[in-house]
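I opened this notebook to record, step by step, what I looked up about how the parts of one structure meet. My entries go from the division within a chain to the meeting of two chains.

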Amino acid sequence: MKLSRRNFLQAGAGASALAAFGLPAFAQQSPFIVNMFGGRWENDWRQQVMPKFAEEIGRPVDLDIGLGTSWIANFRAAGPQNPPFASVMLNERYTAMIRNEGYFEVLTPENVPNMADLIEPAKLKGHTGLTGMLAPLILAYRTDLVDEPPRGWADLWHERFRGQLGLYKITNSAGVMMALWAGEHFGKGRDDVETAVAKFKELAPFPQIGYSSQLTPLMMQGQIAVAPLDVGEVKAMQDQGVPVDYVIPEEGMLVFDHSFSVFANHPDKALGLEYVNFVLSPEIQLWMAENWLIAPTNKTVQLPPEVAKWPLSAEQVTKAIRFDWDDANAISGKLNDLWERTI
Amino acid sequence: MSAASATFGGQRTIGLGFSLLIIALYVFLLMPLLTIVGASFTSGMMIEFPPQGFSLKWYHEFLSRKDLVDGLLMSLRVAAITAIVTTTIAMMAALAGQAMAGRMAGWFQLGMTLPLLVPELLTAVGLLFFLYKIGLGKTVLGLQFGHILMAFPYAYVSITAALRQVPSSLEEASSSMGASSWQTFRLVILPLVMPGVAMGAIFAFINSFDLYTISLLLKPIGGNTLPLALFDFLTYEFKPTAAAAATLSILLSLCGVVLVQRLVGLQRAF
């Protein structure tokens, strides 16, 4: 077919009409919205978990995909009176940024019955959020490249691992946690930013990675041999035949801590509370443990043997090193600045 | 004779040097594209170049991933509307700009290209707060506004450049022969500036298709554009599916170039 200007303009007009016709379709449905990370998290949550909740509430559901920074920017722009959706899942680092600004409903066992079965560390400050996804961060290492495995976080500074390390960027909460730990371990306290950064400078140069899944290819290719990593990534590598194992650091595991909160002023607040209760239910907590190696925060969950070999038990995660993210956020500007200028 | 031959030899050396420079420039520009296209056909499990073997499985995985395909469809829809709306508004703005004279025209030009001068992140944050104020926060329409704003200068600059090539005597001749302003525009001006309009539309489309920061903050609830979906994908799964998606994006851009060629010819457009 000969493509003339007239054809082009006609096609353009048709496309405009179709597009305009399509726009209201977004507004016609009123699904219940919650948020989730992208990639495999989105796919699994959308296909395997949300249909159960949709059936439970008798209403269509949808996911808002993104990252903490963009969600926080949107909540701040919307204000506490006009939140874009009813329930939100955030890394506790982000929850802490707005939990004192009147956004969140206080959660109690009366409005979230499964809260009664949670491990104590899952009940966050002011009960404005409950941890529903706890991903243990351990030390992974290549068994073929490391003669003597590390025993704990402090071993990262051992000469035998020089040039073999991969670490998180300071923009990732794992990077912040490691810096706070280093400040406490090597310096005067968790707020001893100068000592923490100076200690990591001793390890340089090392690859700094934004997310766990970007450390994994480096370890698979043998470019790094030791790295802090969440257990889900270790299992994924083992399933692909990569010679990799892990140790639980003797000082204690760190954890990626994702909390669920409900916006006090959203019209769907009741459904938001129902959703948090659903996520914290033994059924969903077990599903997350089996599929994502996420540690259940509901004490009543019985881990099956194939999952029990991973450090996911309530006893293990209760012993994990935890941080006060109000304090961490207060020093994060100084920490980021010093890190970027030094390393 | 020997001086002439030395001069000829010198010119050959310079010519060879420039040829090597051009080749190096092309390699520099094309290597990232070739790498990502090559990596998309790997049969291995990671993005790597050269690829391990040959496989189309990552294209299959891309097409079977609802999050990525939905992202592609949203990007195509938003970019298509952006191209059409932006080109229309930019044409009107370019005509208005041409009718102005003196310092006013200079300020007008500056105003029309402001979105290029302000950092995208600041524009995005400003728009985010503005859109929530007018009730369009996290809606498709809000995202569409953002894309049109960011793509506008590209279309405006392209169309303005094309308009400047049209001699004002043609417009005067058309008027003197009794044509109305609309007839003059439709039958005289528009056909002559069509290459610039087509290029502006293509630039607007490609710019919109690639926008990340604006989309990150303004994207609607339940929707993702392809760059966002790809970033989310790479954040949690570092697989060659992303390379397959990038290759398809490159193909789409090439389709745009072919479209310009078929409509107005590349040489007329540049």
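Before anything else I noted that the domain bounds I use come from an automatic or database domain assignment, and that what I am looking at is a predicted model.

Entry one. I looked up how chain A is divided, and I found domain 1 (32-134 + 255-317) and domain 2 (135-253 + 325-342). I then checked the C-alpha centres of domain 1 and domain 2 of chain A, which lie 26 Å apart.

Entry two. How many residues does each domain of chain A bring to the contact? I read 17 residues from domain 1 of chain A and 16 residues from domain 2 of chain A. On the side of domain 1 of chain A that touches domain 2 of chain A, helix 4 (92-98), strand 4 (130-142) and strand 9 (254-262) of chain A each supply at least two residues, and helix 4 of chain A gives the most, with four residues. Sorting this side of domain 1 by class, I wrote down 14 nonpolar, one polar and two charged residues.

I turned to the two chains, where 36 residues of chain A are in contact with 31 residues of chain B. The residues of the side of chain A that touches chain B divide into 19 nonpolar, twelve polar and five charged.

How values were computed
Residues numbered from 1 in each chain as written. Chains lettered and ligands numbered in written order. Predicted model: local features only at pLDDT ≥ 70, side-chain atom pairs only at ≥ 80, totals over all residues. Contact = placed C-beta atoms within 7 Å. Nonpolar A, V, L, I, M, F, W, Y, C, P; charged D, E, K, R; others polar.
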